[in-house]
Structure formats: structure tokens, C-alpha cells
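Here is a quick tour of what lies inside this fold and what sits at its surface. Have the model open beside you as you read.

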Amino acid sequence: MELLPSPRATALAGSSPPLRRRRRRRRRLRSRFRFPFSACAWAIARLHVFTATPLADRSIVSVLLLSSISGIVSHPRADGGGTACLVCVRVSGNAALRGWNRARGLQSRAGFRLGAGLGGARGRRRSPGIGGPVRCSSEAERHPRLAAARVVYGVAPAMGHNQESHPESHFRVPAIVTALQKMELTPKVRGDQIVELPTVKPASVDDLVHVHTRAYVLGLEKAMDKASEKGIIYIEGSGPTYATATTFQESLVAAGVGMALVDSVVDASRITQNPPTAFALIRPPGHHAIPKGPMGFCVFGNIAIAARYAQRVHGLKRVFIIDFDVHHGNGTNDAFYDDPDIFFLSTHQDGSYPGTGKIDEIGVADGEGTTLNLPLPGGSGDIAMRTVFDEIIAPCAQRFKPDIILVSAGYDAHVLDPLASLQFTTGTYYALASNIKQLAEELCGGRCIFFLEGGYNLQSLSYSVADSFRAFLGEPSLASKFDDPAILYEEPLAKVKQAIQRAKHLHSL
């Protein structure tokens, strides 16, 4: 925007005592508030400024109005979360200074410092003088790292949520991080190509109740007292899902990482046609957690929470969820079984835990046809999954026309994983990551986020996630350095073909 000086401003002249007193007063105020004042009094207005916060947390900034732009002012925030901004504009009148910047207290969910945008060290703009042009920073200036990134990821290892000898342990995420460091897939080595989210804001109870019942969420929070006394408790009746004293809070952080990545990817898609692909390296996993409770190592439905967040905060109405974990994502399935705006597609081993996800479970009511379950026979591997992608996943997504693609990325279908008997390889996961990324680029502006689910062999898990990062970067796979073709056996391709044909018939593909 550009404002010209008022005639009254140019008419002020002379060196009378009242005028000198006014000038001294302006100098004192300038020293106190660190921005230039003009000769006129102050009035207050509000302006929505798109700062470096996510769309959901756009700051409402107090604007000090004069009759022409005096400058853009930065003020350090008390919480250390960045820089707040004041736009100073001169107007005639005798209104008194009444407000300060309400944006000071707002904090970006993703933790990006506001200094990257208006008032920041990189993006600060100053008026060349009274009446000179001042323009708000562009989206690219407010998100300089996201604009250049190819991968953005968040880490929530939940180190306090652990049971000795349990497959879903606190070693999982650190093993992935170590593999990324070993393969030089970190911001330290790659610079702006790869961005790791700083500390994120945990999800709130209100965020969770868009998927889970309030009774469950509050009941789990209350159960933390018991977990503190006993050290560990089981929260799924006789099932395998445990909780420690830190489980509730660490589960909120895991869900918060997913939501922050939605913010980051959506923000990036506003400033570039090639936004980064995101990966939430989080635990506890979430796709088994049902609306009324935990299940199958899962506490809260991280991907389901992120889907609802994308809808209500960013207006991304149509969400396509792909779940390639070896186990059926029954929690995600149940959360959206009657929702026509969220397409849930799950490939999983036939007959595996939890026994749900039959091929004829296709949704109900308005959601009929927006759930596709494809149980694969034991022994299915790379050939089967590549065929499923070409004949099922891609055509479904193309017909659905999503606004964003979310992926429940379970790495327990790997041939080395101890909890199932499919034959995926590191190369299979590279191909899935590459193909899904390309699908997102074609259909929804590249908006795509992966969420860690299963994967219990630490070596196959970490190498497969690292190779997925290489797929996001468009770099060649290193799967041949890890995969051993000698341990693979013939896939049951005839049964796979039958399952694919039946799914295609049920869904008119």
C-alpha cells in the first residue's frame, strides 16, 4: 500500500515555542517506542497481517494511524516467539494512543519465528521517508525456508512413553533420526532443502474432540495420575496398548506435529507451486485409535486429527488418506466411514490384526464409496503393491480430486518386520513415496503429509523412511545397499489380481 503526505503535514512550519515543545515531546516518544512519530495525534485501528504464523493463527495487529505512513516497526515479543509489527500511519485528529500490538502474545503453532517476515531481520521494510511507499512483505519473504524446502519434517519421539521389550518402543523414532544423519538427510547437511520444525504447540483437547469423544480424552488425562503411581498401566482393557505418566502429554505433542505440518505445507503451497512433502516422525502411532478409545499401540488418531484440522482451519474440504501399514487402520476407517469428503484407502495383510477392513466395507450413508479396503494375501510384495498403486490408488485419487493427501505410513509390511508376513522392501517404500508425491503434485498442488505408523524392525524401518526422504528429494534410491533379494519368495500374484479386480468392481474403477 502507498499513502501520500497530507496537506496539513506540509503546512506545519515555523519555530514557535509550542512547536518546539511538540518536537521535544515527539523525540521523547520516539526514544521510548523506537519508531518515528509525526506531528499528529494517534488513533487506533486493526489490520489483519499475514505473518509467518500458520493461517489459523494470523495475527491481529494494532495499527497506529497517522495521515501518512511513518514506517513499519518491530517490537520483540515477550515470549521470545519472534517479532510483532506496528504499521504507523498519520491521520489528523486528537485521538490518544490507546493500544499496543495484540499480536505480541500469539505464537505460531509451527514455531517459525515471526522475524522472518514483517519486522524481522530478513524481511524488515522501512519507509524511505515521510510519505514514502511501504508494502507488506510477500508470502515468500515470510516463509523463506519453506519456499526453498523440498522436505519438511517434525520429530516427536515420546521418550517417556515406553515399555521394556514392547515392539512399539521409544527406540523407533531415534533410530530413524540416526539413519537420516548417517545418510546426510538433515538440515545441517542439506541446508534449506530439508527443514525440521522447531518446537511445536501440542494439540489441545478441543482439537482432539473433532475425532475422539471428550469423555475418552479427559478420562485418559485423568488416568495419568494412576500411571504416575504405578509406572505403567494398560488402557485398552486386556489389549496391548500401555500408558506411562507422560503418555497423555506426549500424545498431544504427536498430534500437534501433524497439525503443524499441515500448516507448513499449506503455507508453502501459497508461495510456490512445488511445496515440500512433509513427514511426521511421531509416536505413539494413531491409525488404530477409535473415537471412543485407544487400540493397537495407538492413543490418538494423529492422521484423522490432522484431516479434520485441514478441513476446518484451512478449508481443504476433500482429503484423501492412503494407509499402507500392514494392519488395517480401523480407527481412521471408523472416524470417516460416513463422510463423503474424506476418502480412506487402506491396503493391509488379509487376516491380520485387528481383523477389520474387509473388501466389502465401503462406507455407509453419504460416505458410501469413499472407503476402500484392499486386503492383500500373505506374501504380497513389491510387484503386488506397484500394481495396486497403478490400478487402485491412482485412479481413486484422480476421480476423488482431493485438496490434500495424507498418508498413514506404516513400515511393518517390510519383509524383515516381525509382526506380519508381507514382502515389501525398502525399494517398495521408495516407489510408494515417489508415486504418492507425484500424485499430490498432479492433483492437489503438491500438498502431501506422511505420518509414521507401524514398523518394528529398527533397521528396516529407519532405512525405509530414509529412502522415502530420498524419494521426496527426487534422488535415486539406495535400497539396493540394504535389500537382500535372496530372502524373497514368489508372490501370490493370482490372488492379488483377484482382490484388485473385486475392488475395482465394487468401486466402479
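A contact, or touch, here means heavy atoms within 4.5 Å. This is a predicted model, where local features need pLDDT of at least 70 and side-chain atom pairs count only at pLDDT 80 or more, while totals for chains, interfaces and linings use all residues. Residues are numbered from 1 along each chain as its sequence is written, and side-chain values use heavy atoms, with hydrogens and water left out.

Let's start with Phe482. You'll find Phe482 in the loop between α14 (458-473) and α15 (493-506); helices (H or I, at least four residues) and strands (E, at least two) are DSSP runs, numbered from the N terminus. Phe482 counts as buried because its relative accessible area is 17%; buried means under 20%, exposed over 50%, and partly exposed in between (1.4 Å probe, protein chains only). Leaving aside residues up to four places away in sequence, Phe482 touches His414, Leu416, Thr426, Gln459, Ser460 and Tyr463. Ser460 is 22 residues from Phe482 in sequence, with 8.3 Å between their C-alphas.

Leu416, one of those contacts, sits in the loop between β12 (404-409) and α13 (426-443). Its relative accessibility is 36%, so Leu416 is partly exposed.

Now for the inside. In soluble globular proteins, nonpolar side chains tend to be buried together. A nonpolar core is a set of buried Ala, Val, Leu, Ile, Met, Phe, Trp, Tyr and Cys residues joined through side-chain atoms within 4.5 Å. The largest one here has 59 residues, and Phe279, Phe320, Phe324, Leu374, Ile405, Phe450 and Phe469 touch the most other members. Helix α12 (residues 382-400) gives the most to this core, 10 residues. Apart from it there's another core of 53 residues, including Val152 and Phe344.

Which residues does Leu374 touch, not counting those up to four places away in sequence? Leu374 meets Ser346, Thr347, His348, Ile359, Val388, Ile392, Ala499, Ile500 and Ala503.

Strand β8 (residues 277-282) has 6 of its 6 residues buried. Thr277, Phe279 and Leu281 point one way, and Ala278, Ala280 and Ile282 the other. Here are its partners; two strands pair if DSSP finds at least two bridges between them.

| Partner of β8 | Bridges | Direction |
|---|---|---|
| β4 (residues 151-156) | 6 bridges | parallel |
| β13 (residues 448-452) | 3 bridges | parallel |

Val155 stands opposite Leu281 of β8, while Ala278 has Ile449 in β13 as its bridge partner.
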